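Below is a short briefing on one protein model. It covers helix packing, the sheet, a loop residue and the salt bridges.

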Amino acid sequence: MEEQDTDYARVALAEAKAAAARGEVPVGAVLVSAGNDVLAQSGNRIVELRDPTAHAEILALREGAKRLGNERLVGTTLYVTLEPCAMCAGAIAHARVERLVYAASDPKGGAVEHGAKFFEQPTCHHRPKIDRGGDADAAGTLLRDFFRVRRG
């Protein structure tokens, strides 16, 4: 992972921490342009917006598309603290994100290396370059601590 990857992954982790502080599942995402400009960053806002699609990745993709004035996010990199679910993987493919970097694996709900393995399906029309990066331990600990408190 390059130095800039580490920096963007830290921003995603900060977004995850902010989501946890709002009572949301702590997942953060940052969308970066081909020129290394941050186009969008967000944490989960499902509860706040009362929107089951308000995952960090979806919110970052929406804002990035708005900023670029284009639904195709060609040349972009999406940094996420947790392996994307099937919904988010589908949105990443539809948006034509060039590269996906995620920190923690999600054996229960992830759809990149687990579950549906979305990008490996023959019906997937766009496959981003996928890298693991960021602080998987910190992202995983943040999630485990969040759910430990919730479950009592």
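Which residue just after H4 takes a positive phi? In this predicted model, Arg96 does, with a phi of about 65 degrees. Helices (H or I, at least four residues) and strands (E, at least two) are DSSP runs, numbered from the N terminus.

The model is predicted, so local features need pLDDT of at least 70 and side-chain atom pairs count only at pLDDT 80 or more, while totals for chains, interfaces and linings use all residues. Residues are numbered from 1 along each chain as its sequence is written, and side-chain values use heavy atoms, with hydrogens and water left out.

**Helix H4**

- Helix H4 spans residues 86–95, and its buried residues are Cys88, Ala89, Gly90, Ile92, Ala93 and Ala95. Buried means under 20% relative accessible area, exposed over 50%, and partly exposed in between (1.4 Å probe, protein chains only).
- The cover over these buried residues includes helix H3 (56–68), strand S3 (77–82) and strand S4 (99–104).

**Helices H1 and H5**

- The axes of H1 (residues 3–21) and H5 (residues 136–151) come within 11 Å and cross at roughly 5 degrees. Axes are lines fitted to C-alpha atoms, for helices over the stretch in contact, and angles run from 0 to 180 degrees between N-to-C directions.
- H1 and H5 are therefore roughly parallel to each other (angles under 35 degrees count as roughly parallel, over 145 as roughly antiparallel, 65 to 115 as roughly perpendicular and the rest as oblique).
- On the H1 side, Leu13, Ala16, Lys17 and Ala20 meet Ala138, Ala139, Leu142 and Phe146 of H5; contact means heavy atoms within 4.5 Å.
- The residues of this contact divide into seven nonpolar, no polar and one charged. Ala, Val, Leu, Ile, Met, Phe, Trp, Tyr, Cys and Pro count as nonpolar, Asp, Glu, Lys and Arg as charged, and the others, Gly among them, as polar.

**The sheet**

- Five strands form an open sheet with mixed pairing, in the order S2-S1-S3-S4-S5; two strands pair if DSSP finds at least two bridges between them.
- S2 and S5 (129–132) stand at the edges with a single partner strand each, so one side of each is left without a neighbour in the sheet.
- Neighbouring strands are turned by 15 degrees against each other on average, direction ignored.
- S1 and S3 run antiparallel and are joined by four bridges, and Leu31 stands opposite Leu78 in S3.
- H1 packs on the sheet, touching S1, S2, S3 and S4, and its direction makes about 140 degrees with that of S1.
- H3 also packs on the sheet, touching S1, S2 and S3, and its direction makes about 155 degrees with that of S2.

**Loop residue Ser33**

- Ser33 is found in the loop between S1 (28–32) and S2 (38–43), and counts as buried at 14% relative accessibility.
- Leaving aside neighbours within four places in sequence, Ser33 is in contact with Leu39, Gly75 and Thr76.

**Salt bridges**

- The count comes to nine salt bridges, each a side-chain nitrogen of Lys or Arg within 4 Å of a carboxyl oxygen of Asp or Glu.
- Asp5 forms a salt bridge with Arg99, with the closest N and O atoms 2.8 Å apart. Asp5 lies in H1 and Arg99 in S4, so the pair ties together parts that are 94 residues apart in sequence.
- Asp5 is buried at 1% relative accessibility, and Arg99 is buried at 17%.
- Arg99 also meets Asp131 in a salt bridge (2.7 Å, N to O). Salt bridges that share partners join Asp5, Arg99, Lys129 and Asp131 into one network.
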